[in-house]
Amino acid sequence: MTHSRRSVLRRGAGLAAAGAAASLAGCSGGGTGGSEGFDSGYAAFFTLKDWANEVAGERASFEDPVDVGQLGHGWTPDGTLAADVAATDAFVYLDSPEFAWAQDLAATLEADYDSVAVVDVLDGLEDDLLDWDHSHGGEGGDHDGEGGDHDGESETRYDPHVWVDPVLAAEMVETIAAGLGEADPENADAYAANAEAYAEELAAVDDAFEAIADEAARDVAVLAGHNSFQYLEARYGFRLHSPVGVSPQNEPTQSEIAGTIDLVDTEGIDVVLYDRFQSPRLAESIVENSDATEAVPVTPAGGTTREWNDAGYGYLEQMTEINVPAFERAFGAQ
């Protein structure tokens with residue numbers, strides 16, 4: 001892939017932080033790049049951590065600060081995170097307002113710490129981003145001004161869930177490899193090779209969703225929750241009806257819920273999907289009041305659970321063991 005990047009790897013101008021902050025970075029073994037060792041880093045949420053570890057292999061270990069069971073967007077870090085990250089070699093993040101805390105942290109690292117590589121996985125993907133209500137002209141109702149007027153200015157807000165698309169995921173993994181390789185040039189070839197091997201596994205996920213699209217018995221499925229899967233819809237031609245819409249701040253009206261129940265019965269839908277990181281109550285209510293028979297979880301793959309951790313699930317397993325079977329059932333592609 002040869003997409004352009006504004007700056008895959010952004011480096012700070014120098015240690016401008018004075019006093020305790022600079023002293024903390026110096027005393028805590030902060031990252032020093034390839035020539036003096038490259039062995040640890042942080043990523044902004046579960047999936048980026050998983051990808052960074054796949055790319056780094058045995059050469060470095062990444063962690064994410066977000067608690068198990070939570071997602072990285074809308075999250076608030078504690079006061080020590082900046083110092084913790086500054087003591088490592090790299091920070092991998094997604095430059096999106098929905099991850100404002102990560103944007104702020106990246107800006108601090110770039111300004112004050114020249115020893116920390118800052119990698120934005122969205123570099124080069126600007127033309128692939130979807131606005132919040134891209135899917136079917138904003139099906140699902142009002143999006144509370146997302147993508148509209150903010151402080152008197154017209155501003156486009158993009159759906160941050162880019163990582164659910166395995167094709168775009170491969171590009172983001174390549175961006176991580178390029179960023180780590182620039183920070184640690186002695187191991188750049190190894191990072192690139194690891195990214196290429198992982199991209200082959202992502203291609204298998206892509207093939208699985210292509211097969212669902214090809215074999216689907218119906219062209220619409222119901223997701224009883226906010227829609228984190230617009231990128232899958234755009235990639236494979238899926239149509240997910242959500243009474244909630246895209247924004248997690250939305251609440252469905254009674255008429256939207258009734259319309260969803262009518263759709264379930266009209267289309268002969270037997271499985272109603274719901275987000276594993278949200279309450280299943282809406283999905284269960286739709287099942288109880290329609291001809292559907294079961295509520296089935298899907299995952300936006302932006303976080304993890306203790307159960308999935310115990311099973312060793314990374315991004316690939318969440319997609320192949322949770323989402324692919326659920327989409328097969330929802331679209332009648334079994």
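**Entry 1: getting oriented**

How many helices and strands are there in the protein? I find 11 helices and 11 strands; helices (H or I, at least four residues) and strands (E, at least two) are DSSP runs, numbered from the N terminus. I'm reading a predicted model, where local features need pLDDT of at least 70 and side-chain atom pairs count only at pLDDT 80 or more, while totals for chains, interfaces and linings use all residues. Residues are numbered from 1 along each chain as its sequence is written, and side-chain values use heavy atoms, with hydrogens and water left out.

I looked up burial next: 52% of the 334 residues count as buried. Buried means under 20% relative accessible area, exposed over 50%, and partly exposed in between (1.4 Å probe, protein chains only). For contacts (heavy atoms within 4.5 Å), I took those with a separation of 6 or more, and 74% of them join residues 24 or more positions apart.

I checked pLDDT, the predictor's confidence in each residue, from 0 to 100. The average is 82, and 77% of the residues score at least 70.

**Entry 2: the cores**

Which residues touch the most other members of the largest nonpolar core? I get Trp 51, Phe 91, Trp 163, Phe 209, Leu 273, Tyr 315 and Phe 327, out of 78 residues in that core. A nonpolar core here is a set of buried Ala, Val, Leu, Ile, Met, Phe, Trp, Tyr and Cys residues joined through side-chain atoms within 4.5 Å. Helix 5 (residues 166-183) gives the most to this core, nine residues. Domain 1 (40-130 + 158-195) and domain 2 (216-331) each supply at least three residues to this core; the domain bounds come from an automatic or database domain assignment. I also noted a second, separate core of 16 residues, which includes Val 222, Ala 224, Ile 257 and Ala 283.

I tested the length of helix 6. Its 28 residues should span 40 Å at 1.5 Å a residue, and the end C-alpha atoms are 41 Å apart, which agrees; the expected span is 1.5 Å times one less than the number of residues. The buried residues of helix 6 include Tyr 191, Tyr 198, Asp 206 and Phe 209. They pack against helix 2 (46-56), helix 5, helix 7 (230-236) and helix 11 (315-330).

Helix 2 is mostly covered, with eight of its 11 residues buried. Among them are Phe 46, Asp 50 and Trp 51. Just after helix 2, Gly 57 takes a positive phi of about 60 degrees.

In what order do the four strands of the open sheet run? I read 9-8-10-11, with parallel pairing. Strand 9 (240-241) and strand 11 (294-298) stand at the edges with a single partner strand each, so one side of each has no neighbour in the sheet. Two strands pair if DSSP finds at least two bridges between them.

Strand 10 (residues 271-275) pairs with strand 11 over five bridges and with strand 8 (residues 221-223) over two. Val 272 of strand 10 stands opposite Val 222, and its bridge partner in strand 11 is Ala 295. Tyr 274 stands opposite Pro 297 in strand 11.

Both faces of strand 10 are covered: Val 271, Leu 273 and Asp 275 are buried on one side, Val 272 and Tyr 274 on the other. Beyond four places in sequence, Leu 273 touches residues including Val 222, Leu 240, Val 296 and Phe 327.

**Entry 3: a loop residue**

Is Leu 122 buried or exposed? At 7% relative accessibility, Leu 122 counts as buried. I located Leu 122 in the loop between strand 5 (117-120) and strand 6 (149-150). Setting aside neighbours within four places in sequence, Leu 122 contacts Leu 94, Asp 95, Leu 129, Val 162 and Met 172.
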